[in-house]
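Today I'm opening a new structure and keeping notes as I go.

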Amino acid sequence: MRPPQSLLVLGGTSRIALATARRLIARRTRTVWLAGRPSPSLESAASELRALGAEVHTVAFDALDPDSHETVLGKVFAEGDIDMVLLAFGVLGDQARDERDPAAAVRVARTNYIGAVSSGLIAARALQTQGHGSLVVLSSVAGERARRANFIYGSSKAGLDTFAQGLGDALHGTGVHVMVVRPGFLRSRTMADPKAASLTTTPEAVAAAIELGLRRSSETVWVPGTLRVATSALRHLPRGLFRRLTV
């Protein structure tokens, strides 16, 4: 599959999304839509991509407002075909705070899962109507098995991952390709624990994996690739042992 000529990013200030856009612009992408909450950061991201030679538009998009998704995405697709939609929004939340504040926990779930279900279905239908395109969904290794340290975020990503896999099956044979990307946590400059570092990645590494996955028409991409083996082992750990893990 060739790199897309046009790209719609849902979550236009995402570090992974912007690294992916930069990489794709260097290959073939010429038109980019950045959808997100209006902010100086969104405008700055658009300016950065314009400087690379792309035609870049911004559009107001709020994952927490599903009632607006049909109108917002409809206007983008009305401007012309979109070769690739990158669903990249999400919030990590604060596990300790969110456990004490159910409303905050619900906000994480609504953003990461409900917002993604709404916008993902609308984007998928639009891609199917035009007869081609890819929907790339940023999931997370955190969704593979809930850990004590981040089970609210992890559960929302588990729901998203399952939804995206099912959507891919539903669209099989329609000309629309769905690819689920499961990155580790983004690496911090201050991260010193080598065990934690082995489960992390960078925006640039995820962008490279997304491009390769598109070329191969992959359905699932792990970043780094070693995570696939590591998470398989973790998935089968006895619960008592798994509960003790700190990474």
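My entries below go from the sheet to a helix and then to the ring pairs.

**Ground rules.** I'm working on a predicted model, where local features need pLDDT of at least 70, side-chain atom pairs count only at pLDDT 80 or more, and totals for chains, interfaces and linings use all residues. Residues are numbered from 1 along each chain as its sequence is written, and side-chain values use heavy atoms, with hydrogens and water left out.

**Sheet.** I looked up the strand order and got β3-β2-β1-β4-β5-β6-β9, an open sheet of seven strands with parallel pairing. Helices (H or I, at least four residues) and strands (E, at least two) are DSSP runs, numbered from the N terminus. Two strands pair if DSSP finds at least two bridges between them. β3 and β9 (220-223) each have a single partner strand, so one side of each has no neighbour in the sheet. From one strand to the next, the twist averages 15°. I also checked β1 (residues 6-10) against β2 (residues 31-36): they pair in the parallel sense over five bridges. L7 sits opposite V32 in β2.

**Helix α6.** Which strands of the sheet does α6 touch? I found β5 and β6, and the direction of α6 makes about 155° with that of β6. Contact means heavy atoms within 4.5 Å. Axes are lines fitted to C-alpha atoms, for helices over the stretch in contact, and angles run from 0 to 180 degrees between N-to-C directions. The buried residues of α6 include I152, L160, F163 and L167. Buried means under 20% relative accessible area, exposed over 50%, and partly exposed in between (1.4 Å probe, protein chains only). Those buried residues pack against α4, α5 (102-130), β5 (133-138), β6 (176-183) and β7. After α6 comes G173, with a positive phi near 90°.

**Ring pairs.** My search of the whole structure gave two aromatic pairs. Rings of Phe, Tyr and Trp (its six-membered ring) pair if their centres lie within 6.5 Å; planes under 30 degrees apart are stacked, over 60 edge-to-face, and the rest tilted. F61 and F89 have ring centres 5.6 Å apart and planes at 50°, so I noted this pair as tilted. Both F61 and F89 are buried. For Y153 and F185 the centres are 6.5 Å apart and the planes at 40°, so that pair is tilted. Y153 lies in α6 (residues 151-171) and F185 in β7 (residues 185-186), so the pair ties together parts 32 residues apart in sequence. Buried or partly exposed, I wondered about F185? F185 is partly exposed at 28% relative accessible area, while Y153 is buried at 11%.
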